[in-house]
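Thanks for coming, everyone. Please look at the structure on the screen while I talk.

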Amino acid sequence: MIQTDRLLERFLRYVKINTAADPQSAAYPSSERQRELASLLAEELRAMGLDDVSMDEHAVVIATVPATVEGNLPTVALVAHMDTSPEAPSESVNPQVVQSYPGGDLPLPHGNSITVDGCPDLKDMVGQTLVTTDGSTLLGGDDKAGVAIIMELAQTLVENPSLAHGPVRVVMTCDEEVGRGTEKLDLERLDATVAYTIDGGGHGVIDVETFSADAMTLIFQGHNIHPAIAKGRMVNSLRAASDFAASLPRDNQTPETTDGREGFIHLHDIVGGVGQTRVELILRSFDSEQLDTYSETVTKLAHDAVAAWPGMKVDITRRRQYRNLGDGLAKLPESISLAEEAFTKIGVDSKQAIIRGGTDGSQLTEMGLPTPNLSSGQHNIHSVLEFANLDEMVLATKHLVELLQLWSEKRC
């Protein structure tokens, strides 16, 4: 029932639209190309024959596939985000389709290679279809793989009314990559019992915990004056910002030195000049209370750096982003157990996992809508070595068909 060629064609079209989020924009969506993709998806959903399709002023797309089973059934929302990471080039994505992957390292046209050492999962993909970049941009499988899977699922359900399912909400959000994916999402409009983000790596994985996350912005304020007359008068904010950056933990509490359940302080952007320098950081931990400790560390180090330069000032702001979804999922254990059962039905071994990041599901769960995260065939995300596995995308679509049938056996 699931048309593999059509799924691939969708995915290739979607990734060619540059929808990188802009972390410096206060608008929603933060980049207008997200609106372009949203318009395309809304039109495709209408072309499937769905009447209940909306794209609001914020470019959030919501559609409903009507139930094929009578009764008061749970509504299941399937969520993907249209934006891509701003941390790698994303203009002029040129996807490469590798049919029947032969094994070994994969050379890319621009000189890079996806290596087995760098991605050991490749060992299990011989003979499968992979979609890579050309080595100069990211691919955008995070999360256009999820977008394509949900769109193909919606069309499959429309074309096969014999498939049992309750009401299905198709939900496409913007700006997930900058922590704002659910900012404009109306839960009353969704009216869902459970949701799933289709935004995970590999296959057969159910993410049941995410990081808790905050962001911090530090503005170091100095005083600029012509260097010829600067003695005793210039206060160079770049120097204080540099001292601060150099004082941050190096051998621990960084993305480069942690894994598993270990959290970190991530310095990811410094922009400025003599008069003012802005420093951006993110704080991540599976233990929400540890974010306070990280914040205290950052604040102390910033004030220490300022103290070394007379006349220097620093303004520090901390912003809540999302919280670990584990606690919220405990309120609806079926959100996990039915996903596991659906994997069993299609002959896929599944596992529960933690994700060292966040999804729209982190915020949705905190808002009261339990939302585990499911695999969508993504690999090497946020990188010019990113690729997607089409076979895993097909499995993800089949899994959703079974999962929706299991939910249709429940009654509200």
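Some ground rules. This is a predicted model: local features need pLDDT of at least 70, side-chain atom pairs count only at pLDDT 80 or more, and totals for chains, interfaces and linings use all residues. Residues are numbered from 1 along each chain as its sequence is written, and side-chain values use heavy atoms, with hydrogens and water left out. Helices (H or I, at least four residues) and strands (E, at least two) are DSSP runs, numbered from the N terminus.

Back to α8. Helix α8 covers residues 334-345, twelve in total. From first C-alpha to last, α8 reaches 16 Å, close to the 16 Å expected at 1.5 Å a residue. That expected span is 1.5 Å times one less than the number of residues.

Which residues of α8 are buried? They are S335, I336, L338, A339, A342 and F343. Buried means under 20% relative accessible area, with a 1.4 Å probe and protein chains only. Their cover includes β9, β10, α7, β15, β16 and α10. Contact here means heavy atoms within 4.5 Å.

Now the sheet. Four strands form an open, antiparallel sheet, in the order β12-β13-β11-β14. Strands pair if DSSP finds at least two bridges between them. β12 (264-272) and β14 (313-322) are the edge strands, each pairing on one side only.

Next, the pair inside. β11 (residues 212-221) and β13 (residues 276-285) are antiparallel over ten bridges. Q221 stands opposite Q276 in β13.

Definitions and conventions:
Buried < 20%, exposed > 50% of the residue type's maximum accessible area, 1.4 Å probe, protein only.
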